[in-house]
Amino acid sequence: MFRVWTAARMRERRLSHAQVAVRCGVDRSTITRLLRGERRPSLDVAVGIISMLDDASTAPSFGGLLAITEPPKRVEAALRADPGLDPRAVDEVMRRYRELRAA
């Protein structure tokens, strides 16, 4: 599920709800409610969270190996596993995610 993936990435990167919220341009309570499963993210918020938490520029460099244009399969799998997300919305998130990664 998206919220499980998000929480795991936040723990890995030692980011608070407030830090994620600021970087994604949303209120801290929005992140809290998303992580509790009390709210589903809008498409823009989901893309912002994914981009921020899985941004290759914040990960260690391995000679450019992380500069890929295809999204990591774990991101897509996490989104597709979330029964609360419409498959068409996931398709759109992944399309926008690829655009952001390619930029």
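Visitor: In which helix is Ala8 found?
Guide: Ala8 lies in helix H1; helices here are DSSP runs of H or I with at least four residues, numbered from the N terminus. This is a predicted model, where local features need pLDDT of at least 70, side-chain atom pairs count only at pLDDT 80 or more, and totals for chains, interfaces and linings use all residues. Residues are numbered from 1 along each chain as its sequence is written, and side-chain values use heavy atoms, leaving out hydrogens and water.

Visitor: Why is Ala8 called partly exposed?
Guide: Its relative accessibility is 24%. Buried means under 20% relative accessible area and exposed means over 50%, with partly exposed in between (1.4 Å probe, protein chains only), so Ala8 counts as partly exposed.

Visitor: How do the axes of H1 and H4 cross?
Guide: The axes of H1 (residues 2-13) and H4 (residues 43-53) come within 10 Å and cross at roughly 35°. Axes are lines fitted to C-alpha atoms, for helices over the stretch in contact, and angles run from 0 to 180 degrees between N-to-C directions.

Visitor: Which residues make that contact?
Guide: Phe2, Trp5, Thr6, Arg9, Met10 and Arg13 of H1 meet Ala46, Ile49, Ile50 and Leu53 of H4.

Notes:
Helices (H or I, at least four residues) and strands (E, at least two) are DSSP runs, numbered from the N terminus. Contact means heavy atoms within 4.5 Å.
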